Amino acid sequence: MLELSSQYSDLRYKFAKYGVLVLSLNETPMTPEDYQCILNISCKTPTRSVTVGDRGETHNLEVGRLKTDTPYLQTLTSTGTVIENILLKEPMKAFFQFITCAKFLEIRRIQLNVMRPGGYIGAHYDNDSDPLRHLAIIIHLQEADEGGDLVVYDQGGSTNIYHPLSTQMVLSAGDLLHEVTPVVRGERRTLVAFLSLTSSRH
Ligand SMILES: O=C(O)CCC(=O)C(=O)O
Ligand SMILES: [Fe+2]
């Protein structure tokens, strides 16, 4: 933890201030091999069309589910377990805990999001559909050539627009309003894990 604190204290400060971090792979402890493993899994993950979010907001994307939290926590594929193990192995787990100041960390949902031209995700709060979604880890596998921006509306009233590139990792707090703008050209692929930072079992 000592080592982490000097290397990552700037990121922890930024996350506390903005609720969003856009990180290059080499700013995180994830190895290129683990990233490649997630990329390979994503290519073999079947998807289905989703047009309505949990709270009725409109979407237009293909989703491949690997782990779900509804109606109860269950890993749906063996590849979901592989990704979970990558995200929770040391030093990844220590990294997420350090950035968020969390003592507890549990993956509640893992999904692949695929957006082709016209695809988008309407404005939503991740913690609206499940209050235990405190943190989203978004691993960018392929960026759209045009469109597909992540727009985050922060509590201070400002709007921040990001266009993360493949291999980048976004950490986003569950209580921030955000959306993904329509893809205009190309295909946008992300692997998203939603984490709880408090135990659901008391
Ligand atoms: O794919 C992304 O960049 C973000 C997706 C998102 O906001 C979500 O799945 O809740
Ligand atoms: Fe989201």
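Me: A pocket is an open set of grid points with protein on both sides within 12 Å along at least five of seven lines. How much space lies in the second largest pocket of this structure?

Reply: This is a predicted model, by the way. The second largest pocket holds about 150 Å³ of space.

Me: And what makes a residue part of its lining?

Reply: An atom within 4 Å of one of the pocket's points is what it takes. There are 14 such residues here, and Gly19, Gln155, Ala173, Asp175 and Leu176 are the ones nearest the centre. Helix α1 (residues 2–18) gives the most, with four residues. By class you get five nonpolar, six polar and three charged.

Me: How does the largest pocket look on the same terms: what are its volume and its lining?

Reply: About 460 Å³ of space lies in it. The lining has 30 residues, with His59, Gln111, Ile121, His124 and Phe194 lying nearest the centre. Elements giving two or more residues to that lining include β3 (58–68), β5 (106–115), β7 (135–142) and β14 (188–196). The classes come out as 12 nonpolar, nine polar and nine charged.

Me: What makes a space a cavity rather than a pocket?

Reply: In a cavity the 1.4 Å probe fits but cannot get out, whereas a pocket is open. Searching the whole structure at 30 Å³ or more turns up one cavity. The largest cavity, at about 40 Å³, clears that cut-off. Its lining is His140, Glu143, Ala144, Gly147, Gly148, His163, Pro164 and Arg188.

Me: Why is Glu57 called buried?

Reply: The cut-off is under 20% relative accessible area. Glu57 has 16%, so it counts as buried. You'll find Glu57 in the loop between β2 and β3. Beyond its neighbours within four places in sequence, Glu57 is in contact with Thr51, Val52, Gly122, Ala123 and His124.

Me: What makes the Glu57–His59 pair a polar contact?

Reply: The N or O atoms have to be within 3.5 Å. These two side chains are at 3.4 Å, so the pair makes it.

Me: Why do Arg133 and Phe95 get the label buried?

Reply: Same test, under 20%. Arg133 is at 4%, so it passes. Phe95 is at 0%, so it passes as well. Phe95 sits in helix α4 (residues 92–100), while Arg133 is in the loop between α5 and β7.

Me: Which residues does Arg133 touch, leaving out those up to four places away in sequence?

Reply: Asp54, Asp69, Arg109, Asp126, Asn127, Gly174, Phe194 and Leu195. Among these is Asp126, one of the iron donors. The Arg133 side chain also has a polar contact with the Ser129 side chain, at 3.0 Å.

Terms used: Residues are numbered from 1 along each chain as its sequence is written. Chains are lettered from A and ligands numbered from 1 in the order in which they are written. This is a predicted model: local features need pLDDT of at least 70, side-chain atom pairs count only at pLDDT 80 or more; totals for chains, interfaces and linings use all residues. Side-chain values use heavy atoms; hydrogens and water are left out. Grid points are joined across faces, edges and corners, and a volume is the space filled by probe spheres set on the points. Ala, Val, Leu, Ile, Met, Phe, Trp, Tyr, Cys and Pro count as nonpolar, Asp, Glu, Lys and Arg as charged, and the others, Gly among them, as polar. Donors are N, O and S atoms within 2.8 Å of the metal (3.2 Å for Na, K and Ca); water is not among the atoms, so sites may look incomplete. Buried means under 20% relative accessible area, exposed over 50%, partly exposed in between (1.4 Å probe, protein chains only). A polar contact is a pair of N or O atoms within 3.5 Å; within protein, one must be able to donate a hydrogen and the other to accept it, and residues adjacent in sequence count only if both atoms are side-chain atoms. Contact means heavy atoms within 4.5 Å.
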